[in-house]
Amino acid sequence: MDPRASSPEKLDKENLVGIKNKGLGVCGWILLFLSFLLMVITFPISIWMCLKIIKEYERAVVFRLGRIQADKAKGPGLILILPCIDVFVKVDLRTVTCNIPPQEILTRDSVTTQVDGVVYYRIYSAVSAVANVNDVHQATFLLAQTTLRNVLGTRTLSQILAGREEIAHSIQTLLDDATELWGIRVARVEIKDVRIPVQLQRSMAAEAEATREARAKVLAAEGEMNASKALKSASMVLAESPAALQLRYLQTLATVATEKNSTIVFPLPINMLEGIDGITYDNHKKVPNRA
């Protein structure tokens, strides 16, 4: 039994990349010999045309007679390109920023929103990026837009507003799995902005304000209840000792007297005020009217 038959995914990858273990054949070797001969005849002029410089952040995928020369890209440094039979493609391995334009999305709770984001990715396999897809950057850009719409279409508006990190991680996982055969590794996905209609913004603001007011009223009622319980406990303590009430009066007077230009109100029992009022009335009654 062929051991490669037990791993269909690996076999599919090899077929997609286009790497075959067959040799060049007779015609291929003849053309290779003629290419070497042409390079020797035109030396040293040909050496300037055959030597190529690949930068540190680049890799070169070399096609010899239409076939990829090796399963690994060449570079960085100097590489030799044979005339007439070799063609090479440079691939940039640096991180690429993909800005997703605002996408109009209908959420699961039937709210229309506009969401934009940004995707950071890089090419880790130059051979797969060249051989498996026509334009790897355009394909990744379109796939990112579609994935963003599909993922956000299954969430409600509240989930989108509250769970941006979770949604971004989900989008990153889906993109990474889908672009693996293209030689792409998604480094990060971020949701930049979520735009909702103005009328819905006003409704949400009114709802939030009403919630805050209700919460404030509940807190105020709880404070009044706690204060009344404390006053009840204080009254019970003062009722046990009449002298404590007088001391409290004196303490209040001392506190008020510390301020400048203040009016001091001295509390008196109601019975005493009634007695004074009765004496005054009797005195007025005894004085004769001289007129």
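Predicted model: local features only at pLDDT ≥ 70, side-chain atom pairs only at ≥ 80, totals over all residues.
How much space lies in the largest cavity? About 40 Å³.

Residues are numbered from 1 along each chain as its sequence is written, and side-chain values use heavy atoms, with hydrogens and water left out.

View 1. Rolling a probe the size of a water molecule over the atoms shows where empty space is left. Here a cavity is a set of points, on a 1 Å grid over the protein atoms alone, where a 1.4 Å probe fits but cannot get out; lining residues have an atom within 4 Å of a point. Points are joined across faces, edges and corners, and a volume is the space filled by probe spheres set on them. The count comes to 1 cavity of 30 Å³ or more. Among the lining residues are A60, V61, V62, K72 and V127. Strand β2 (residues 58-64) gives the most to this lining, with 3 residues; strands (E, at least two residues) and helices (H or I, at least four) are DSSP runs, numbered from the N terminus. By class, the lining has 7 nonpolar, 1 polar and 2 charged residues. Ala, Val, Leu, Ile, Met, Phe, Trp, Tyr, Cys and Pro count as nonpolar, Asp, Glu, Lys and Arg as charged, and the others, Gly among them, as polar.

**View 2. A nonpolar patch on the surface.** The patch is formed by V26, I30, L31, F33, L34, L37, I41 and L65, with about 770 Å² of accessible area together. Patch residues have over 30% relative accessible area and no salt bridge; nonpolar side chains (Val, Leu, Ile, Met, Phe, Trp, Tyr) are joined within 5 Å, and like charges within 9 Å. Areas come from the Shrake-Rupley method with a 1.4 Å probe, and for residues only the protein chains shown count as cover. Look for L31 in helix α2 (residues 25-41); L31 is partly exposed at 40% relative accessibility (buried means under 20%, exposed over 50%, partly exposed in between, with a 1.4 Å probe and protein chains only). L65 sits in the loop between β2 and β3, and its phi is near 55 degrees, a positive value in a residue other than glycine.

View 3. The peptide bond from G75 to P76 is cis, with omega near 0 degrees. P76 belongs to the loop between β3 (67-68) and β4 (77-80). In the loop between β4 and β5 (86-92) you will find C84, with a positive phi of about 75 degrees although it is not a glycine. C84 is exposed, at 75% relative accessibility.

**View 4. Salt bridges.** Side chains of opposite charge can pair when their charged atoms come close. A salt bridge is a side-chain nitrogen of Lys or Arg within 4 Å of a carboxyl oxygen of Asp or Glu, and the whole structure has 5 of them. One joins E58 and K90 (4.0 Å, N to O). Because E58 lies in strand β2 and K90 in strand β5, this pair ties together parts that are 32 residues apart in sequence. E58 is buried at 12%, whereas K90 is partly exposed at 44%. R188 pairs with E190, their closest N and O atoms being 2.6 Å apart.

Technical notes: 1 Å grid on protein atoms, 1.4 Å probe; cavity = no way out; pocket = protein on both sides within 12 Å on 5 of 7 lines; lining within 4 Å.
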